[in-house]
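Here are my notes for our chat, as numbered points. Have the model open beside you as you read.

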Amino acid sequence: MSDHHKETFVTKYIFSQDHKMISKQYLITGIIMGVIGVFMSMLFRLQIAWPERSFSLIEAFLGQHQDGGVMTPDIYLALVTIHGTIMVFFVLTAGLSGTFSNMLIPLQIGARDMASGFLNMVSYWLFFLSSVIMVISLFVEAGPASSGWTIYPPLSALPQAIPGSGAGMTLWLVSMAIFIASSLLGALNYIVTVLNLRTVGMKMTRLPLSIWAFFVTAIIGVVSFPVLLSAALLLIFDRSFGTSFFLSDIFIDGSVLHYQGGSPVLFEHLFWFLGHPEVYIVILPAMGIVSEVMAVNSRKPIFGYRAMIGSIIAIAFLSTIVWGHHMFITGMNPFLGSVFTFTTLLIAIPSAVKAFNWVTTLWKGNLQMNPAMLYSIGFVSTFVTGGVTGLVMGDSALDINIHDTYFIVAHFHLVMGVSAIFGMFAGVYHWFPKMYGRLMNKTLGYWHFWITIITAYGVFFPMHFVGLAGLPRRYYMNTAFPYFDDLQDINVVMTIFALIGGSAQLIFLGNFFWSIYKGKKSGPNPWKATTLEWTTPVEATHGNWPGELPVVHRWAYDYSKPGSDVDFIPQTTPLAEGEEPS
Amino acid sequence: MLALIYILIAVLIASTFWQLTNVFNLKKEIATEEDNDQQGKLMFAFMIFFYALMIFCFWKYSAVLLPEAASVEGEQYDTLYNVTMILILFVQAIMQVLIFYFSYKYRGVKGRKAVFYADSHKLEMIWTITPTVVLAGLIIYGLSVWIDITDTSDLENPLIVEVYAKQFSWEARYAGDDNALGRGNVRYIKGINTMGVDMTDLNSLDDIPVRELHLPKGRPVIFKLRSQDVLHSAYMPHFRAQMNCVPGMVTQMAFTPSMTTEEMRLNEKIVAKVANINNIRAEKGEDPYQFDYLLLCNKICGASHYNMQMKIIVQEEADFNKWLATKETMAEVVKK
């Protein structure tokens, strides 16, 4: 135990090896990146709704990339690219998984810290470094990477094709390579910790679902992230050393390039081998958090605990064999398309099981409407709304006509963007007392939730219709086609909702930072939860429990158990005489 | 400078909420019975809002959706699409009621104990098997349509057309009398031979390069797609057809146009849509618009990705043949 050491400012707040501090570092970095990512989306929504109109907001922030308050097409593409990259990787992967896996794995399994505190610290600082490089890439002269967050070559390989594929793309690749290293170190640590450091009595079948979700997420990450690293390295080779892994037969700027024999389709396979599991890396931790928050606030056990674990594992397994559904129309053999349609649509089964189980958890509960609970309910709603349209995309035949339109943008924003962010908010409101020993303000939490869910649906529900009308995504403006002129009204409505929703996050920011310093002091177990993290003292120290580690006697969901006077029995309470384990 | 002012404003707003928390801080931060009641009722209100939003969108925005398919394969697509959509809307309608109604109905009351209901083998079986059966049907139906659309071996007397993509325009090449395209490679691009057709290949000589795509009604068309620089995607939404154009390889798609441009212009949905578009354009003082089929680029390809288009005209086969006969062959074009 390291709490015998005298902690200096540097070892306590900067190069800390305490999982709780690292978790907060992940969260704050994630929030800063989130502010940048969301703000970018507000800028490009202005251009979509009012093409080529001058805005002083654009003039103020885009510098050389605007002309009299009108953004250039290149920077528009850069903004959508970096928005996607930041939100998917830096906010919803590192910000979400990094924060809550770090915070909750040791606390909920009854461990003093992660298996390797040092690797954990290295993992955070690599993430920090990659964030810094990504932010620096915004300031290179030709602009940041702008070939979409999927960085398909040849566009991402040739600066002649788009200016952002010069220094901006190099920095993007370097940043992502470091990010992947960080993510691997983190994930290995989570896996080892869950397997080896569970306290006495904490069987795998007694773990809270949050831990199951983080654990399985880490496994998917270890399996799939290295493949993206190899894709990035090969792309670096093609860009800088003249190899032809992904490029062939290219004529640009009046001359033929030397590349021969490579294929962009190979890159797409490698990218989506990570890219698809990645969306589950994003959503599974949110599912875990929501299951936990929902059980606590319903004062009921989560319904179908074992089915929930089974569906997490089923989703994780299937997620690694469905990547081809992003590639139905890339020239991949149609037979392969059939196989991927089959595996893809199967994912609907475990997803449906989870949704039904959450709804049944609400049924006949005694719902405590804390902000975290509102976000959990919101999560289930947006997950279902976004999830059902997956049946359209996942079906190769139907994918033909909606591929790369706004329909898919609406789908994935609801099912993994908004949902995962809701899961993250639920987690922050719920475990804030564990992080800072104080409670976040409830009233502002309510306002934040209602404005956010109304504006989220206001943006993304109408967006389905824009896509079904045939409008492709990543269009700088749709006025080049008079056929789409009647979509402009819908775009204006969506942008107004986006601007309100984006600004409403200031409520959260104000509330969050205020509560760190001045929030109401929390008791040790403010939500009356059963899990181990609430058995530590409020002023948590390195090592988590001052004395012996707690011993676990029951599963994590003994809420409102018949025969008990209180509506929750902590996991550390031994079974009463004659009591059946649940 | 201006950026700093905006950031300052944002910080000011956030700190307003900071200050607001001071005012609210007298209250308890954990949901009270009052909060449960209020927020539970808001859940109910939100359910009504959400259904209103969905109904409004369907009522108001259905007019912008694509009209019926203009190809034989597209009709199959539309049926599959409708079946899937009905299923989706059914599930969505039920699930959202359950989520928000339960949140309202079971809002916390002091002293009430939640029902301890942890598991039900029967229920889990029901909601595992039901989706499995429904999905099995959907997968089989979907794959049969997919195979029909992608299998080109059974097409009778197909017309072969190359669609050629580059930053930021389209070209096309008909296979000519022999109905076989000559080889192409970017290394043959020279002067007027912009598609890099290999003129030493005898099949190339009668190929016909064009800048406007005409298609015959009722005859299957096989498209061979190429790109000379980056990925593009040939997207023809009215025919429910799309395929990527990949540098270094030839990709393929096929459909049989079933409605001429003239017929589509008289389609009820298109008439209404075009009238609406022209009202909007008149307000802005722009020229009136007449419907044409579109070929758009649907894979991010650079700065002018948003404006990479080619007109498609579907004609009766006789008119199409007449039009094609007026065009010069590759041999004639290159000779000049």
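1. Leaving aside neighbours within four places in sequence, A:Lys20 is in contact (heavy atoms within 4.5 Å) with A:Met103, A:Leu107, A:Ala540, A:Thr541, A:His542, A:Gly543 and A:Asn544. This lysine is placed in helix α2 (residues 19–49) of chain A; helices here are DSSP runs of H or I with at least four residues, strands are E runs of at least two, and both are numbered from the N terminus. With a relative accessibility of 6%, A:Lys20 counts as buried (under 20% relative accessible area is buried, over 50% exposed, in between partly exposed, with a 1.4 Å probe and protein chains only).

2. A word on the ground rules: this is a predicted model, in which local features need pLDDT of at least 70 and side-chain atom pairs count only at pLDDT 80 or more, while totals for chains, interfaces and linings use all residues. Residues are numbered from 1 along each chain as its sequence is written, chains are lettered from A and ligands numbered from 1 in the order in which they are written, and side-chain values use heavy atoms, with hydrogens and water left out.

3. Please look next at A:Thr341, in helix α10 (residues 334–346) of chain A. Its relative accessible area is 0%, so A:Thr341 is buried. Beyond its neighbours within four places in sequence, A:Thr341 is in contact with A:Phe328, A:Gly394, A:Asp395, A:Ser396 and, from the other chain, B:Leu143. From A:Thr341 to A:Ser381 there are 40 residues in sequence and 25 Å in space, C-alpha to C-alpha.

4. A:Ser381 leads on to a pairing between the chains. Helix α12 (residues 371–388) of chain A packs with helix α2 (residues 33–61) of chain B at an angle of about 20°, the axes being 12 Å apart. Axes are lines fitted to C-alpha atoms, for helices over the stretch in contact, and angles run from 0 to 180 degrees between N-to-C directions. α12(A) and α2(B) are therefore roughly parallel (under 35 degrees is roughly parallel, over 145 roughly antiparallel, 65 to 115 roughly perpendicular, the rest oblique). The crossing is right-handed; that is, the near helix is turned clockwise from the far one by less than a right angle, whereas anticlockwise gives left-handed. A:Leu374, A:Ile377, A:Ser381 and A:Thr385 of α12(A) make this contact with B:Gln39, B:Met43 and B:Phe50 of α2(B). By class, that gives 4 nonpolar, 3 polar and no charged residues (Ala, Val, Leu, Ile, Met, Phe, Trp, Tyr, Cys and Pro count as nonpolar, Asp, Glu, Lys and Arg as charged, and the others, Gly among them, as polar).

5. Within chain A, α4 (residues 73–109) and α6 (residues 167–196) pack at about 20°, with axes 11 Å apart. These two helices are therefore roughly parallel to each other, and α4(A) passes α6(A) in a left-handed crossing. Among the residues that meet are A:Phe89, A:Phe90 and A:Ile105 in α4(A) and A:Trp172, A:Phe179 and A:Tyr190 in α6(A). The contact of α4(A) with α6(A) divides into 11 nonpolar, 8 polar and no charged residues.

6. Which residues touch the most other members of the largest nonpolar core? They are B:Leu213 and B:Phe223, in a core of 295 residues; a nonpolar core is a set of buried Ala, Val, Leu, Ile, Met, Phe, Trp, Tyr and Cys residues joined through side-chain atoms within 4.5 Å. Helix α4 of chain A gives the most to this core, with 22 residues.

7. The peptide bond from A:Pro153 to A:Pro154 is cis, with omega near 5°, and A:Pro154 is in the loop between α5 (117–136) and α6 of chain A. A:Ile151, in the loop between α5 and α6 of chain A, has a positive phi near 35° in a residue other than glycine. A:Ile151 is also buried, at 2% relative accessible area. In chain B, the bond from B:Gln167 to B:Phe168 is cis, with omega near -10°. B:Phe168 is in the loop between β1 (159–166) and β2 (169–174) of chain B.
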